[in-house]
Amino acid sequence: MGIGFRAYVTSENGDGTYSGRITERSTDDLPAGEVLIRVRYSSLNYKDALSASGNKGVTKKYPHTPGIDAAGEVAKCTDGSFREGDMVIVTGYDLGMNTPGGFGEYIRVPSAWVLPLPAGLTMKESMSIGTAGLTAALCADGLLHMGLRGGQIAVTGATGGVGSIALSILAAEGFSPCAVTGKPELEPFLRSIGAASVISSADFTAGSEKPLMKPMWDGGIDVLGGNALASMLKSVKYGGAVSCCGLALSPELPLNVFPFILRGVSLIGIDSVECPKDRRIKAWSRLGGKWKPAGLNELTAETDLGGLDEKIKAMLTGRAAGRTVIKL
Ligand SMILES: C=CC(=O)SCCNC(=O)CCNC(=O)[C@H](O)C(C)(C)COP(=O)(O)OP(=O)(O)OC[C@H]1O[C@@H](n2cnc3c(N)ncnc32)[C@H](O)[C@@H]1OP(=O)(O)O
Ligand SMILES: NC(=O)C1=CN([C@@H]2O[C@H](COP(=O)(O)OP(=O)(O)OC[C@H]3O[C@@H](n4cnc5c(N)ncnc54)[C@H](O)[C@@H]3O)[C@@H](O)[C@H]2O)C=CC1
């Protein structure tokens, strides 16, 4: 017999709108998979906000339990990969997209999706970092891989999950990160997590109608897409590189080829969802060590399933700052 549990379930209202409700569910309703996990913490990522608001590019079928991140204890494992009680995390793959996700007290997933809780992190800390932090780590690794060392790195969406952890990692790695933000009032927060300088979004994109802009940055990390990414690529110095991971502004890229063919700029695509296991393990190992954000507690808010609606609304309207963990 299945175990009853609570989950935040998003449903279609019948008029094209979507809303979430805390619902009683059973582990019998979960899909097949080798590992049943009692979730203790999840986190809120931009993609969860899209899933929770009916974005069919993320979630095709509703009712649905979002939550692309989960940390918890193994309740049952049928293939010997884990023992009951092992502390584990799951991020990405199909979790929270079309597989019921971490906004429920139980998930059942393939064992290939599960990692042991990374050394140096509590379950709560692993979710403070979550997919956002994993992505920030992959973005920073991309720049290092291109040979960048030190120098000024522009980071867009800097007050958000990926952006804020990217600032912290870049500072730890000896770069001078510049936070690009539309929230000047959050400059003290941005500096506290690692920003060496702060620039307004308006100043960052000024002149973006031109084919190329004044070379300013050794590299960049972009979470916005659209004209923000185009401006970044047009203003990176000769031989620089940009890690691109997001579309919070737009999935479009209004750009010519000049940054690439006249300045030798490289564009690095970053995907945390299907990222191979060896790269994930390396990233998580750094995130539990040298790259563990010093101000992780300060940049994290905690809520429960009942607090999700408000947090999702804030994220979709660009009002979110830092990270939110959900205690289950
Ligand atoms: C943590 C990681 C991240 O944060 S990554 C960023 C967040 N992820 C996304 O925004 C997902 C982006 N993906 C998509 O929007 C789509 O998958 C696509 C545009 C890349 C491809 O779409 P396509 O229509 O070619 O294939 P799909 O199999 O994905 O679509 C099936 C079905 O859904 C409809 N649909 C797709 N995208 C959207 C959308 N953004 N909004 C509304 N509806 C969408 C699509 O029309 C299909 O509908 P159907 O009735 O089955 O024909
Ligand atoms: N490629 C991948 O594997 C991943 C991609 N992402 C993407 O990265 C982006 C950021 O994700 P999170 O940090 O979780 O989100 P978040 O909501 O925590 O941060 C987004 C940041 O962008 C700002 N922002 C939002 N809309 C904006 C707009 N229209 N114009 C200017 N600024 C805007 C917000 O103020 C905030 O600072 C999203 O697009 C997400 O889909 C995130 C994780 C993994």
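**View 1. The chain is divided into two domains.** Domain 1 covers 4-117 + 295-327 and domain 2 covers 132-269, with bounds that come from an automatic or database domain assignment. This is a predicted model, where local features need pLDDT of at least 70, side-chain atom pairs count only at pLDDT 80 or more, and totals for chains, interfaces and linings use all residues. Residues are numbered from 1 along each chain as its sequence is written, and side-chain values use heavy atoms, leaving out hydrogens and water. Taken over C-alpha atoms, the centres of domain 1 and domain 2 are 29 Å apart.

**View 2. Here is the place where the domains touch.** Domain 1 brings ten residues to the contact and domain 2 brings 13 residues; contact means heavy atoms within 4.5 Å. About 780 Å² is buried between domain 1 and domain 2, and carbon and sulfur atoms give 64% of that area. Buried area is the accessible area (1.4 Å probe) that two parts lose on being put together, summed over both.

**View 3. Now look at the domain 1 side.** Tyr46, Leu299 and Arg323 of domain 1 lose the most area to domain 2, together 44% of what that side buries.

**View 4. Which charged pairs link the domains?** Between domain 1 and domain 2 the count is zero salt bridges (a side-chain nitrogen of Lys or Arg within 4 Å of a carboxyl oxygen of Asp or Glu).

**View 5. Finally, a span named in a record.** UniProt, in an unreviewed entry, lists residues 16-326 as "domain: Enoyl reductase (ER)"; such annotations may be inferred rather than shown by experiment.

Terms used
Chains are lettered from A and ligands numbered from 1 in the order in which they are written.
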